[in-house]
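Here is a friendly note to read alongside the picture. Take your time, and find each element on screen as you go.

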Amino acid sequence: MSEIEAIEAQILRDIENASDASAIEAVRIAALGKAGSITALLKTLGGMTPDERQAKGPVIHALRESVTAAIAARKATVDAAELEARLAAEAVDMTLPADAAPRGSVHPVSQVMDELAEVFADMGFAVATGPEIEDDWHNFTALNIPETHPARAMHDTFYFPDKDAEGRAMLLRTHTSPVQIRTMMSEEPPIRIIAPGRVYRSDSDATHTPMFHQIEGLVIDRGIHMGHLKWTLETFLKAYFERDDIVLRLRPSYFPFTEPSAEVDVGYKQEKGRRIVGGHGDDDGHAWMELLGSGMVNRRVIANCGLDPDEWQGFAFGVGVDRLAMLKYGMDDLRAFFDGDLRWLSHYGFGALSVPTLSGGISA
């Protein structure tokens, strides 16, 4: 047997005896690596005469090709055997849920809107919507807001240059109260609705934005009084903040569309630079914070909607959704709500399946 045949036989035996991928790789390096036996034979071709190269060159190259093919075949056999053994040993639990793939997040405002809808649905409220481009009558006049009221001024409200078919000024709604007017004009009492949505005011500073989110509530029925209003607000805030120690303080105030009117304060305390809603505002370490406005629906507003104020009474309230989100989830900068920063959204955002329910918990 020639030297080349002996080398080939030894390498093929080593390949056949290799039991795993690392052993096959060791054989490959020993044969075809920089210091391998076949590589050494190839280097000898440079010192041969042309006749010697013509005689031995094809034999050495054939050796390299046969060893390369044998290594590839053995590697495929070993890999298949290892895969089969792993499949036989491993068990797949088909009952486990698949890993959630990152698909963005639900904005905190949208999540809080859903939370509020869930809370009020449990109290028998329906969700009502209306146009964001309103006319002057639905946005101001029907709500008993006089012509001289500052809210009607250009510096407070976004007006359009065109008027509607009846000659009324058109504007971006400054609150969702027009939804209450449209509902009272189109539906027979009793009425229990919430009106969430975007509103617009010509106001922009460290604590205000030209567009923000608001939710208002309206109840119209017989025999409605302030006690019903306070119970509704207490029940709503306890369910939303998921605390039983929510304490309210109602202060007399003035709104053209409610009479009497009340500003609603809640007790809170500071913890690590964050406002935590809960507790009595007069307790040690606590204070009062204004949260929303409310009151009994003004008789003129009820009459403007075609209802008899001697038969029907009601209450209304309104609160900023962005403010509720900041208080509950610890956000300290309103501007971040509108920046579109993916880092902020990934931190404060909610999963698409984090649907709020009263039974499972309002908070996601």
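This is a predicted model: local features need pLDDT of at least 70, side-chain atom pairs count only at pLDDT 80 or more; totals for chains, interfaces and linings use all residues.

1. Let's begin with an open sheet. It has 3 strands, in the order β2-β4-β3, and the pairing is antiparallel. The edges belong to β2 (133-135) and β3 (159-163); each has a single partner strand, so one side of each is left without a neighbour in the sheet. On average, neighbouring strands of this sheet are turned by 35 degrees against each other, direction ignored.

2. Now look at how β2 is held to its partner. Strand β4 (residues 169-172) runs antiparallel to β2, and 3 bridges join the two. To see one of these pairs, find E134: its bridge partner in β4 is L171.

3. Next comes strand β6 (residues 211-221). Is this strand mostly covered or mostly uncovered? It is mostly covered, as 10 of the 11 residues of β6 are buried. Strand β5 (residues 191-200) is joined to β6 by 10 bridges, and the two run antiparallel. Here I193 stands opposite L218 of β6. Strand β11 (residues 313-320) is also antiparallel to β6, with 8 bridges between them. In that pairing I215 stands opposite V319 of β11.

4. How enclosed is β10 (residues 286-297)? Of its 12 residues, 9 are buried, so β10 is largely enclosed by the rest of the structure.

5. Helix α7 (residues 177-186) deserves a look too. Why can we call α7 largely enclosed by the rest of the structure? Because 7 of its 10 residues are buried. These are S177, P178, V179, Q180, I181, T183 and M184.

6. Helix α5 (residues 108-122) packs with helix α8 (residues 226-241) at an angle of about 130 degrees, and their axes are 10 Å apart. The two helices are therefore oblique to each other, and the crossing of α5 and α8 is right-handed. On the α5 side, V112, E115, L116, V119 and F120 take part, meeting T232, F236, A239 and Y240 of α8. The residues of this contact divide into 7 nonpolar, 1 polar and 1 charged.

7. The helix α5 also packs with helix α10 (residues 321-329), at an angle of about 95 degrees and with the axes 9 Å apart. That makes α5 and α10 roughly perpendicular to each other. Here V109, V112, M113, E115 and L116 of α5 meet V321, D322, L324, A325, K328 and Y329 of α10. This time the residues of the contact divide into 8 nonpolar, no polar and 3 charged. If you compare the residue lists, you will find V112, E115 and L116 in the contact with α8 and again in the contact with α10.

Conventions
Residues are numbered from 1 along each chain as its sequence is written. Side-chain values use heavy atoms; hydrogens and water are left out. Two strands pair if DSSP finds at least two bridges between them. Helices (H or I, at least four residues) and strands (E, at least two) are DSSP runs, numbered from the N terminus. Axes are lines fitted to C-alpha atoms, for helices over the stretch in contact, and angles run from 0 to 180 degrees between N-to-C directions. Angles under 35 degrees count as roughly parallel, over 145 as roughly antiparallel, 65 to 115 as roughly perpendicular and the rest as oblique. A crossing is left-handed if the near helix is turned anticlockwise from the far one by less than a right angle, and right-handed if clockwise. Contact means heavy atoms within 4.5 Å. Ala, Val, Leu, Ile, Met, Phe, Trp, Tyr, Cys and Pro count as nonpolar, Asp, Glu, Lys and Arg as charged, and the others, Gly among them, as polar. Buried means under 20% relative accessible area, exposed over 50%, partly exposed in between (1.4 Å probe, protein chains only).
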